[in-house]
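Open the model in your viewer and keep the selection panel at hand. The stops below say what to select next and what is there.

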Amino acid sequence: NSLLGTGVRVDDMLAVVYGESECSIAGYQILENGDLNGVWAYQESKLGNEYATASISNEGRYVVEGQNPNGSKYLGSLDVIELGGGYAFQWNINGTKLYGVGIQLKDTLTNKSVMAVAYGGEHCDVALYAIEWDSTAKRPMLNGIFSAGVDEEAEAILLGSELATPR
């Protein structure tokens, strides 16, 4: 059973979306000041980029500035709500609302945090992997977490873990 997905690299992490063809992925570096600096892609598309400036007066609210793969720019807002194990994302870009599910990993070596967000379709799942070095195989391996559904009663995102090693 194989799945097709799209990924974007953020620092030493790989953010991946898998599911329907409408699904998209955003990967954000969480900066020390709370801002989010990210890249995003639709399946099989070129990259767009986005910078979300954290609101001083409203935790979880951001002002968004971005650039589409065709070079056009956009402005909007982003609300990020913690949801037991993950995050719910809601963008409002020029009156269009987009919804997503996000997860976060912290790199223990650099102390940097990265978020991966799946959005754009009814059934989009997200994975976030640390790219690590396998000293035995002398190749990179992926060590990460993935969304395994939502427990609506508990208002929590269910997480699984995965280690992908070279063959």
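A residue is called buried under 20% relative accessible area, exposed over 50%, and partly exposed in between, using a 1.4 Å probe and protein chains only. This is a predicted model, where local features need pLDDT of at least 70, side-chain atom pairs count only at pLDDT 80 or more, and totals for chains, interfaces and linings use all residues. Residues are numbered from 1 along each chain as its sequence is written, and side-chain values use heavy atoms, with hydrogens and water left out.

**Stop 1: a pair of charged residues**

Select Asp79 and Arg61. Their side chains form a salt bridge, with N and O 2.5 Å apart; the term stands for a side-chain nitrogen of Lys or Arg within 4 Å of a carboxyl oxygen of Asp or Glu. Asp79 belongs to strand 7 and Arg61 to strand 6, so the pair, 18 residues apart, links distant parts of the chain. Strands are DSSP runs of E, at least two residues long, numbered from the N terminus. Asp79 is buried, at 18% relative accessible area, whereas Arg61 is partly exposed, at 36%.

**Stop 2: the other salt bridge**

The whole structure holds two salt bridges. For the other, select Arg9 and Asp12, whose closest N and O atoms are 3.1 Å apart. Arg9 is exposed, with 51% relative accessibility, and Asp12 is partly exposed, with 38%. Side chains of opposite charge can pair when their charged atoms come close.

**Stop 3: the largest nonpolar core**

Which residues have the most contacts inside the largest nonpolar core? Select Ile25, Ala116 and Leu128: they have the most, in a core of 18 residues. Such a core is a set of buried Ala, Val, Leu, Ile, Met, Phe, Trp, Tyr and Cys residues joined through side-chain atoms within 4.5 Å. Now colour strand 1 (5-10), strand 2 (13-19), strand 9 (96-106), strand 10 (113-119) and strand 11 (124-134), each of which supplies at least two residues of this core. Strand 11 gives the most, four residues.

Stay on Ala116 and show what surrounds this residue. Beyond its neighbours within four places in sequence, Ala116 has contacts (heavy atoms within 4.5 Å) with residues including Ala15, Ile25, Val101, Ile103 and Leu128. Apart from this core lies another, of 17 residues, among them Ala26, Tyr28, Val80 and Val117.

**Stop 4: Ile103**

Select Ile103, in strand 9. Ile103 is buried, with a relative accessible area of 0%. Not counting residues up to four places away in sequence, Ile103 touches Gly85, Val114, Phe146 and Leu159, among others.

**Stop 5: the largest pocket**

Select Gly34, Gly60, Tyr62, Val80 and Tyr87, which lie nearest the centre of the largest pocket among its 15 lining residues. On a 1 Å grid over the protein atoms alone, a pocket is an open set of points where a 1.4 Å probe fits, with protein on both sides within 12 Å along at least five of seven lines; lining residues have an atom within 4 Å of a point. Strand 6 (61-67) and strand 7 (73-83) each supply at least two lining residues.

**Stop 6: the second largest pocket**

Finish with Val101, Gly121, Glu122, His123 and Cys124, the closest to the centre of the second largest pocket among the 15 residues that line that pocket. Strand 9, strand 10, strand 11 and strand 12 (139-151) each supply at least two residues of this lining.
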